[in-house]
Structures are given as structure tokens and as C-alpha cells.
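My notes follow in the order in which I took them.

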Amino acid sequence: MDQNTSRDAKWREELRNSLGAKQRSSIPRTIMPQLNAAYRITCNHEVNQGLSAEQAIIEATRCLDCPDPQCIHGCPVSINIPSFIKNVERGEFLTAAAVLKQTSALPAVCGRVCPQEKQCESRCIYNKMKKEPVAIGYLERFAADFERMNNKANGIEPSGDSSVVKNGRKIAVVGSGPAGLSFAGDMIKKGYEVTVYEALHEIGGVLKYGIPEFRLPNSVVEAEIDALRAEGVEFVKDCVIGKTISYDQLHELGFDGIFVASGAGLPRFMGIPGENLIGIMSSNEYLTRINLMGAGRPGEDTPVLKGNRVAVVGGGNTAMDSVRTALRQGSEKAMIVYRRSLEEMPARVEEVHHAQEEGVEFITLCNPVEYLSDDKGRVRAMRVQRMELGEPDASGRRSPVPIEGAIDEIEVDLVIVSVGVSPNPLIPHAIPELEISRRGTIVVNEESMQSSLNDIYAGGDIVRGGATVILAMGDGRRAAAAMDKALSGQD
């Protein structure tokens, strides 16, 4: 058995043995403890506080031991979910963490930011019973956090797997976001020498620049990266592949394969009048300045625009991150302006709920059509077209249709545009032989993630144009399996 928990082994055994399926299914889903909304908007502390050991055990006890666990099929990285949950239920938390790490390089990250409600939890048998699914994400976070805190308390440094036999082959990874880290984690376990090249001055990609600390603390990301370092993955910062080092130079350095995970850092705008006014910026720039470069923190030099009336245009997770960040930057009024209704909003339900608790105003069924300036060239208002919902579009959501003549004006002094991103064009421009789609994404075989060039594989946003952390990680795992198969002559 692992470390002591708040209850002894006898209590856990009695709890397991006393509950049949009917009793287990009657246990309500655990509620995640969180910081008070009035306090949390004054700081950058993590909102969700994690489960206690007792809460985790009780939640794990809800698992019904399905003979055909569909939750595994809902996970893009194929975590053995029943196994790790059963270990949590037994109080064997370190074993649970080990199960997670068999297939996931970033369990503490995924437990925080993955949309489990659309993936593993959506496949839970409780949904057929019209009950809330097992809180798989909460338990994943708990097990990963327990291991990290246990190791820290006991002075245990991350260490690699001594049983891995090195094969002498070198692999380069372009980008240190979730796709690149997942790929690197799998390839290092297969015996390859792996070097990850990052263009920015910190490792982590979108995990560092795109997601605020109140949702994903940097210390959690750093711990996952340190674990990869301990496995033998090398990281090179401030290196732009395609500029600092060319494709041909990677070959000269002896790399046998390249995985491109350079992301989608090119922001999109709407192309409406006034979009170039002072006080209008992309969510990419806004979040990068604050999350990665410390804007707004004491002693930091990076500037960032601040506003009293801030409007964020969009309804995804990045929009929620931006508007909640604006509150923490001191805005008096922070608004989401979204062209569909609240029900169609693609952001996680939890993030929308947190934003509502914190006082964000949701202006739905409205679409910006023009920005108006003051006499200094700064945005002072946005004109919005009121909308109504029509027939479903290709995504299945009902399409917004303009209401003729229904134009409103909203007073603003800062607008953050969060309507999507485009793939980073650097690698496609630097390697013209690559086949590129009309959207600027690298074209790959969906099963192997191999590009039109035999030695280049790709995944994440540079392929998808925009993806969740866990989908990007799934790409990385799939590419690692395929590249290994090709390089080891198994094709």
C-alpha cells in the first residue's frame, strides 16, 4: 500500500465490501472544492483546489467496474481508466499515478484542462442511468498531484526508467506544447534520443502562454516537464526551427525523424471596420503578455493594455481565459460578446460557470460589426448586430442569423478578439516540399500522422488548426507509434 491517507486500510476495505452496484450508484458525485469568487478575482491562485484523499476514495468507489469500459475509448491517449480508479479506491495512489503515466505524459495537466465531459466521462455508464458520471478528471488530477506532492515531501527527484534500452537513433521535436511533449514522452520510452526545440524562452508552449495560472499553475506544468527531463528528453529554448536551424541542418545533426508540433499561434480577426484601433488586440497577444511575460505583475516590464470596460469576442475556452484574466487585471466590467446563445457556447461548462460566479457579463446573440474611436484613435464603443438562431450548421450548432435593423452600441475601452487561430506558417514556409492544406495546416495521414515527407510527422494545432490539449497529445502518441514502427523496419 502507498502512503497513509486520511482513513486507514481497514476503513477502505469495509467501504468497498459493503457497497454493491446499487449502493455505489447512489453515492452523489463529489463536488470539487474551489476558492471563493470574490477572493479569487483579486489574485492568480488556482480556482479548483483538488480533492482530499477521502473525497477521492469515495468518488472512486462510485466506479461500477463495467465489463466493457467505454471510458477508455473516450480518452484520446487511451488511459487505463478503470485500473487507475481502482487503485485510487484502494488507497494505492502512487500506483494509480503510475498507471496514468503509462500512456499520458501530462496527467496533472489533463486532469485540470481536458474536457472530460465530452470525452471519457461522456462514455461513463452513469449517463445511461441519467446520473452524473464518475469524476474521472478530478481523480486523474488527484493521483498526479498526490505523486508530485509525495515526492516533494520525501525529497524524491524524478528519475528515468533504467530498463529502457537506447537504440542510438535521434529524433527532433519542433514545439514544446502538449503534442510535442506527449510525442517526446513516448519516444524516449522506446529508446530514442529526443531533443525538443522551443522558439520561446520557456518550455511548455500553449500550456505556458495560453492558459492562465488560475486554471493551470506553471508549477504543475514544470513538474511534468521535469519528469520528461529525468527520462532523458533534452530541451532547447530560444530556437526557431526553420530560422535558427534549417530542415537540412537537422539532418546534418543526425536526426532520423522530425515531429512538428509548432501550434497555431497566428490569431484571426473578423475584418470589420475599426479593428485596427488602439485598444483592440488578439487573445493570443493578451494572454501571452500576461501568462508568459508577466505583464501586470510587480517588477515586470512587459506592458499590457488595461481597460475598465473590457469586451472579449468569442465563446471558447480561450475567450473565458481572457475575460477572467481581465477581471484579475482590475477591469470594472468584463463582458463576453458571443454570436450564439449560452447553450451553443463551445467553452467548458465549468469555465463558463466560474466566469459567471466571478461577475462576467454574457452578451449573447450579438456579433460585432464595427468599432468606434475617440479623438485619440482608441476604441470607445463597439456596434453589435443582434442575432437569432436559425438552422444547425455543419458543426450541429444552430447558425446565428442577423435580425434586420437590430444594431446596438456597447461602450468599451478594451476589446480582446478570441474568434480562433490559424496554424503557425513558419515550418510550411521553411520546408516548401511539405504538402499544405488551404487552411495552412500540414497534411498528414490521419492514422500515422506522417506528412508528405517521409521523415516528418506532425500533430496538434499545426495539423488540426485548433485542438484541445488531450487531442494534441493523442496526435503525439499516434505519431510516436507510427514513427517507431517505420524506423525500426516494421512497416
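I took contact to mean heavy atoms within 4.5 Å, and helices (H or I, at least four residues) and strands (E, at least two) to be DSSP runs, numbered from the N terminus. I kept in mind that this is a predicted model, in which local features need pLDDT of at least 70, side-chain atom pairs count only at pLDDT 80 or more, and totals for chains, interfaces and linings use all residues. Residues are numbered from 1 along each chain as its sequence is written, and side-chain values use heavy atoms, with hydrogens and water left out.

Helix pairs. I looked up which residues join α4 to α5, and found Ala56, Ile57, Ala60 and Thr61 in α4 meeting Ile85, Lys86, Val88 and Glu89 in α5. For axes I used lines fitted to C-alpha atoms, for helices over the stretch in contact, with angles from 0 to 180 degrees between N-to-C directions. Helix α4 (residues 53-61) packs on helix α5 (residues 81-89) at an angle of about 130 degrees, and their axes are 8 Å apart. I therefore noted α4 as oblique to α5, since angles under 35 degrees count as roughly parallel, over 145 as roughly antiparallel, 65 to 115 as roughly perpendicular and the rest as oblique. The crossing of α4 and α5 is left-handed, a term that applies if the near helix is turned anticlockwise from the far one by less than a right angle, with right-handed for clockwise.

I then turned to helix α9 (residues 178-189) and helix α18 (residues 469-487), whose axes come within 7 Å and cross at roughly 35 degrees. Here α9 passes α18 in a right-handed crossing, and the residues that meet include Phe183 and Met187 in α9 and Met473 and Met483 in α18.

Sheet. I found three strands in an open, antiparallel sheet, in the order β10-β11-β12, where pairing requires that DSSP finds at least two bridges between two strands. β10 (366-373) and β12 (398-411) each have a single partner strand, so one side of each has no neighbour in the sheet. Strand β11 (residues 379-392) is joined to β12 by nine bridges, and proline 392 has arginine 398 in β12 as its bridge partner.
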